[in-house]
Amino acid sequence: MPDIMANSSVGSSPQSGVSSRERSAGASDSAGLRPDRFDRDGQDQLVDVHDLQAALPGIRRLRTWAHDALAVRPGESAVDIGSGTGSEALVFADAVGPSGTAVGVEPDPGLLAAAERRAQQHHSTAKFVSGDAYGLPFGSDTFDAALCERVFQHLTGPARAAGEIARVLKPGGRVVVMDSDWGTAIVHPGDRHVVHEVIETMIAGTTNPFAGRRLAGQLTAAGLVVDDIGSHALVQDTGVGAGALVTRIAEMAVARGAITEQQRDQLLADLAAGAASGDAHLSVTIFAVSAHKPA
Ligand SMILES: C[S@@+](CC[C@H](N)C(=O)[O-])C[C@H]1O[C@@H](n2cnc3c(N)ncnc32)[C@H](O)[C@@H]1O
């Protein structure tokens with residue numbers, strides 16, 4: 001499943017004026033486990049997880065959709081908010097060319113450093129700055145285009161982030177915000193009650209679990225005009241590690257008393273049997289909203 005391990009601790013941004021709790025908040029379950037935190041030391045592993053997720057066909061297709069919707073042109077300025085390892089800022093840099101500006105904003109120092117390294121390796125003009133979505137380090141009316149991918153699910157104040165996006169866009173500027181909605185998660189096969197409790201555990205441990213369905217409303221409330229909504233289901237390849245991720249969430253469900261150890265073991269056995277026979281499905285749907293700032 002996507003993003004279960006995707007978010008690391010988020011650094012502070014002096015200009016944002018929000019507490020560290022608000023900035024990087026995530027609900028903890030009763031055992032103190034959090035699904036949206038990477039729980040092993042080592043930024044390399046965090047970068048690997050981002051790369052693994054970026055390779056998922058659903059992510060690739062939705063990114064193509066996003067870049068088509070933004071249609072960034074040479075000479076324009078574009079920003080990727082919560083830019084992670086920087087891949088999309090590099091795409092922006094190619095699109096805007098030498099006369100334009102492409103920048104990624106990222107609060108995590110390890111990801112920021114990885115993005116800068118990659119920009120150098122690719123001889124890209126993309127720039128990366130430390131900052132967070134609650135207080136973007138740019139003046140008003142700065143960008144022609146903005147992207148914010150799989151960040152809102154980590155925010156306690158997504159409406160505030162939407163307001164910041166609206167602020168930094170130029171009149172007529174375009175934005176795509178995309179995120180998952182854990183109300184769409186499917187875990188198959190497995191006892192329906194147990195599966196329900198495991199998904200509820202995921203929802204309980206995610207800061208903004210229904211981010212996907214709220215994007216259009218939040219962008220509208222921020223004064224932007226929604227132009228289109230796209231979606232793709234992120235279907236996990238059950239051959240590469242889905243078992244480990246589900247095991248982790250099922251473990252959290254046991255820890256919070258939602259299912260028994262026996263139910264957990266049965267679920268994992270059902271999933272292993274399903275994977276072996278080709279009858280397994282793990283997915284969550286990501287929604288992407290394209291909008292513009294009225295001229
Ligand atoms: C799943 S990753 C997505 C990264 C990148 N957008 C991508 O699609 O590859 C989530 C990103 O959100 C960032 N993030 C978390 N809280 C943030 C905040 N308050 N402001 C900006 N970015 C934030 C994380 O550091 C991380 O880079």
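**Close-up views of a predicted model**

**View 1. Helix α4 and what covers it.** The buried residues of α4 are covered by, among others, α3 (57-70), β1 (77-81), β2 (101-106), α5 (109-121), β3 (127-130) and β4 (143-149). Helices (H or I, at least four residues) and strands (E, at least two) are DSSP runs, numbered from the N terminus. This is a predicted model, where local features need pLDDT of at least 70 and side-chain atom pairs count only at pLDDT 80 or more, while totals for chains, interfaces and linings use all residues. Residue numbers start from 1 along each chain as its sequence is written. Seven of the ten residues in α4 (residues 87-96) are buried, meaning 20 or more other C-beta atoms lie within 10 Å of a residue's own, with C-beta atoms placed from the backbone (12 or fewer is exposed, in between is partly exposed). Look for Glu88, Ala89, Leu90, Val91, Phe92, Ala93 and Val96. Just past the helix, Gly97 has a positive phi of about 70°.

**View 2. Ser231 in strand β6.** Ser231 sits in β6 (residues 225-235). Buried or partly exposed? Ser231 is partly exposed, because 17 other C-beta atoms lie within 10 Å. Leaving out residues up to four places away in sequence, Ser231 touches Thr285, Ile286, Phe287 and Ala288; contact means C-beta atoms, placed from the backbone, within 7 Å.

**View 3. Inside the largest nonpolar core.** Among its 77 residues, Ala146, Ile165, Val176 and Val198 touch the most other members. Strand β5 (residues 169-188) gives the largest share of this core, eight residues. Such a core is a set of buried Ala, Val, Leu, Ile, Met, Phe, Trp, Tyr and Cys residues joined through C-beta atoms within 7 Å.

Conventions:
Contact = placed C-beta atoms within 7 Å.
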